[in-house]
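Subject: Structure handover, charged side chains

Hello,

Please find the structure below.

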Amino acid sequence: MASRGTVKASGNFNASADAEALYKSMKGLGTDEDTILQLLTARSNSQRQEIKATYKTLFGKDLVDDLKGELGGKFETLIVGLMTPPLTYDVTLLRNAIKGAGTDEKVLVEVLASRTCQQVKDIVAAYRQEYDDDLEEDVSGDTSGHFKRLLVILLQANRQKGIQEGTIESDAQVLFEAGEKKFGTDEQTFVTILGNRSAEHLRKVFDAYMKLSGYEMEESIKRETSGPLRDLLLAVVKCARSVPAYFAETLYYAMKGAGTDDDTLIRVMVSRSEVDLIDIRAEFRRMFPCSLFSMIKGDTGGDYRKALLLLCGGDDA
């Protein structure tokens, strides 16, 4: 599968030359931020790992530690994110979401709803290796109710494969009876079906549900559920429809209105830059009155803005 990312591996890559350039940019008084951001956004993650290894070999210093020492604020967070291997990045996000003060439900929802089954399995294994803890136990200890149950289902990463033609209508019917048709809501039915069926199957179920009930699945979830469970069910439905569209919407609402949710902006731009950011940009342009590029440009500043715009990789005006 060809990557739909905006960041590609550099063709004439030379880890030593890059390590030297980065060392020079941080040596002596002041820092040459331009060199740092232009170089790192133009290399793939695996190339950045090679640069990191070469930097230590040449200078006996840790590149990420040096970057942290020279940079600050959101720009530092973004650059350190780019220097982190993708699996480690996801594992660290989840760890911080659980172990920080309070629980960052937004991160749990975004990561576990959007990653593939294989990615989730890799995350669970890497989490155990890194922290000697069980991710499912940690998530369970920090959440409750049907929100917790759906997170646990997603952590099993056992979604059915393909489309089960025989159960499309019955799934739609059962969901209808669990929500719109009865007084109160049977959340367990939503959790079980939305957590276990494949994306292709769910898209067919949503069409059947619309015919049956006259409502889009998202409308029913908004009416029938609330709080973190509602957010997670919506994310699962949106990701079943289109992961790039889900992230386009996530980015838009991170920047819309007063203030910017920089954590979300950084998280999505870093984690999708080599996956599907081209498609996210296209969806963004289709769904909203401006391009992703122009919204980032208007909402951020300084080296942070420069680096984000390079990651964005183009304006779909």
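Predicted model: local features only at pLDDT ≥ 70, side-chain atom pairs only at ≥ 80, totals over all residues.

Residues are numbered from 1 along each chain as its sequence is written, and side-chain values use heavy atoms, leaving out hydrogens and water.

The structure holds 22 salt bridges (a side-chain nitrogen of Lys or Arg within 4 Å of a carboxyl oxygen of Asp or Glu). One of them joins Arg-4 and Asp-279, at 3.0 Å from N to O. This pair links distant parts of the chain, 275 residues apart: Arg-4 is in the segment before helix H1 (15-26), and Asp-279 is in helix H18 (residues 277-287). Helices here are DSSP runs (H or I, at least four residues), numbered from the N terminus.

Helix H18 also holds Arg-286 and Glu-283, three residues apart, about one turn of the helix. Their side chains form a salt bridge of 2.6 Å, N to O. Arg-286 is exposed at 61% relative accessible area, whereas Glu-283 is buried at 19% (buried is under 20%, exposed over 50%, partly exposed in between, with a 1.4 Å probe and protein chains only).

Asp-303 and Lys-306 form a further salt bridge, with the closest N and O atoms 3.8 Å apart. Asp-34 is linked with both in a network of salt bridges.

On the surface, Asp-104, Glu-105, Asp-231 and Asp-263 gather in a patch of negative charge (residues with over 30% relative accessible area and no salt bridge, like charges joined within 9 Å). Asp-231 lies in helix H15 (residues 227-241).

Regards

Notes. Patch = residues over 30% accessible without salt bridge, like charges linked within 9 Å, V, L, I, M, F, W, Y side chains within 5 Å. Areas by Shrake-Rupley, 256 points an atom, 1.4 Å probe, with all protein chains shown as cover. Lys, Arg positive; Asp, Glu negative; His and termini not counted. Charge placed at Lys NZ, Arg CZ, Asp CG, Glu CD. Helix = DSSP H or I, 4+ residues; strand = E, 2+ residues; numbered from the N terminus.
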